[in-house]
Amino acid sequence: MKKAITCLALTLSLSTITAQTLNFVNKTDKPIARSASSVALDGDFIYVSNGFSGTNQFTSEIETYIVNADTWSFLQTTTPTIAKRYGNAEILAGNLYLFNGETTGGLANDKLEIVNLLSGNLTVSAIVNPNPVINGGSAALGDFFMVFGGCTSKFNATYSNKLYRLSPFGNWVQLADMPVALETKGKAIYGNGNNSKLYVFGGYNETNKIAENFETVATTGSLSLNNWLNVAETGTKLFEGKQFNANKYAQFNAFSSVVASQEPSNICWLISDQITSDSTSDLYLNFDTKDGFNNGALFEAYIITNWTGNIATSSKTLLNAAISNSGTPASYATNFTNSGTISLAGFTTNFRVAFKYTGGYLPVQKTTAFQVDNVRVYKSFSSNSIYIYDVASNSWTTSNTTMSQPISAHSVAINSFDFNATDIYVTGDYDNQTFVGVFNTFNDSFTTLNQTNMVGRRHHASEIWNNKLYLFGGNTTPSITSVLSSTQSADLPSLSNGSFDMNQQVGFYPNPAIEAIILQDEIIFANIYSIDGKKIDISLNGNEINISNLSTGIYLFEGVTKNGTTISKKLIKK
């Protein structure tokens with residue numbers, strides 16, 4: 001009978017979700033507009049960590065959102081966290097765990113930082129992350145964290161399909177590989193005993209067609225590189241290989257201090273090998289440039305669609321790319337400028353990427369030095385699949401249910417305070433930035449939801465508190481200047497089987513607890529189980545259960561009410 005009632009409740013909930021439109025309302029903005037932050041929930045507090053801002057590629061701040069007060073503050077730590085973006089955050093027993101993410105120089109962070117949320121004390125685990133990644137997923141599951149997917153090198157287009165179980169002591173245990181290597185996000189669902197599952201939604205990866213960082217070039221004489229052409233259209237000067245601070249790149253500079261070597265016109269091309277595409281390829285170009293001693297020379301990026309062997313007679317298409325133009329006349333720009341993501345979707349036959357320098361001494365001197373580096377042509381892939389990891393069998397399956405579209409740069413959220421929660425919400429997408437959907441793990445169904453007033457966003461953070469979905473920050477374009485400070489919330493439909501108002505604390509209180517929990521009047525019988533399903537011996541003294549002998553961690557509370565209903569809740573022992 002109990003099972004039939006549960007199924008009926010689930011059916012009613014699903015019909016509510018199908019018809020539901022989520023209406024987002026604005027809350028107090030974050031103190032710092034940031035994207036690619038990590039987020040974790042602890043009671044009435046949500047912690048938003050790291051990411052990038054409009055002025056800093058990597059940030060170290062931890063912002064604290066007090067949900068029921070709709071206010072923000074900063075968590076002060078004994079030492080700053082590692083400045084990073086696209087990292088992970090999880091909370092267990094009053095500690096915030098920060099790991100993975102991209103740091104200065106594009107490197108993946110291999111440290112595990114542990115922040116005590118009461119004292120702000122920050123320690124770093126002595127155990128190094130065996131598989132540091134950027135923009136991977138993580139999910140709390142009992143006294144462990146599941147860590148999965150991510151990118152290990154954007155330039156080399158290498159992505160991870162690894163799954164690890166991370167203990168709060170910093171131990172990493174490798175589990176079964178994911179079906180696909182992706183940057184992705186997911187959440188875990190608690191089951192009876194060992195019947196717990198991790199659900200991973202969509203994700204993103206790339207495959208390189210060309211990847212050239214010029215690290216093999218000689219730094220004397222004209223640049224010579226396999227599969228690249230260095231061609232002077234006017235003048236005699238060619239691109240050269242150069243190095244600064246251990247980084248190599250290609251450079252053209254029309255300047256000469258020797259008058260006899262000063263040429264009236266310098267037009268030179270650096271041309272890639274032939275690239276073969278097809279009509280279904282999602283191809284993109286990305287590169288970096290830097291200018292120095294800028295006095296008006298020109299640097300451009302082109303596509304050559306029919307290379308004849310002669311640059312003058314080949315067909316050329318100018319690309320809309322961001323090119324470094326610091327205007328600095330007496331030195332070099334401080335940093336490289338990224339071109340932005342340039343779509344090559346219209347070029348479906350054989351083509352080449354080319355860089356053109358135009359300068360010289362006549363009619364006026366235009367001899368700006370231009371550097372180009374990290375040239376990539378790559379094919380992108382986004383998934384609409386849902387991947388499911390079964391804890392008991394240590395194996396993955398791919399759900400027969402697919403999402404209504406491929407998604408990437410998204411966020412996922414679940415009511416993590418409810419053991420019975422079955423609904424996982426997916427928000428945002430790289431392109432469709434107001435995307436909202438919900439996956440019901442009970443019947444393996446995905447529903448795309450309508451929304452109103454949602455601020456479109458990608459690379460944002462989300463959490464569920466008191467049956468409300470909260471969205472934090474994010475960005476809207478590849479430029480770091482598009483970061484958002486926006487915080488929004490939307491009421492959710494009643495969850496399927498036993499969600500509760502955290503302010504009412506149905507069943508028992510307090511939660512988290514240290515010494516004991518107090519059963520509320522409607523509870524007449526109770527049991528406590530470890531996360532792996534083992535029953536814990538307890539003694540009930542009136543309406544109080546002593547839990548002082550339990551180890552710090554997460555447990556399952558099951559109580560029976562006066563009317564015979566069984567409720568299940570997560571119990572957090574501090």
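**Reading a predicted fold through its definitions**

Trainee: What makes Phe 355 count as buried?

Mentor: In this predicted model, Phe 355 has a relative accessible area of 0%. Buried means under 20%, so Phe 355 is buried.

Trainee: Which residues of the largest nonpolar core touch the most other members?

Mentor: That core has 33 residues, and the ones touching the most other members are Phe 239, Leu 270, Leu 285, Phe 287, Leu 344 and Phe 355. Several strands each supply at least two residues of the core, including strand 24 (283-292) and strand 29 (352-359). Strand 30 gives the most, with 4 residues.

Trainee: What does Leu 270 touch?

Mentor: Among its contacts, leaving aside residues up to four places away in sequence, are Phe 214, Trp 228, Phe 239, Ala 250 and Phe 355.

Trainee: Let's turn to the rings. How many aromatic pairs are there?

Mentor: The structure holds 27 aromatic pairs.

Trainee: Why is the pair of Trp 269 and Tyr 302 called tilted?

Mentor: The centres are 5.1 Å apart, and the limit for a pair is within 6.5 Å. The planes stand at 55 degrees; under 30 would be stacked and over 60 edge-to-face, so the rest, including this angle, count as tilted. Trp 269 lies in strand 23 and Tyr 302 in strand 25, so the pair ties together parts 33 residues apart in sequence. Both residues are buried.

Trainee: Why is the pair of Phe 287 and Phe 355 given the name edge-to-face?

Mentor: The planes of Phe 287 and Phe 355 are at 75 degrees and the ring centres 4.9 Å apart. Phe 287 sits in strand 24 and Phe 355 in strand 29, 68 residues apart, so distant parts of the chain are linked.

Trainee: Which rings are linked into a cluster?

Mentor: Ring pairs join Phe 239, Phe 252, Phe 287, Phe 299, Phe 355, Tyr 357 and Phe 370.

Trainee: What makes strand 3 and strand 7 edge strands?

Mentor: An open sheet of 4 strands has the order 3-4-6-7, with antiparallel pairing. Strand 3 (38-42) and strand 7 (71-74) each pair on one side only.

Trainee: How do you know that strand 3 pairs with strand 4?

Mentor: Pairing needs at least two bridges, and these strands share 5. Within this region, Val 39 stands opposite Val 48 in strand 4.

Technical notes. Residues numbered from 1 in each chain as written. Predicted model: local features only at pLDDT ≥ 70, side-chain atom pairs only at ≥ 80, totals over all residues. Heavy atoms only, no water. Core = buried A, V, L, I, M, F, W, Y, C linked by side-chain atoms within 4.5 Å. Buried < 20%, exposed > 50% of the residue type's maximum accessible area, 1.4 Å probe, protein only. Contact = heavy atoms within 4.5 Å. Phe/Tyr/Trp six-rings, centres within 6.5 Å; stacked < 30°, edge-to-face > 60°.
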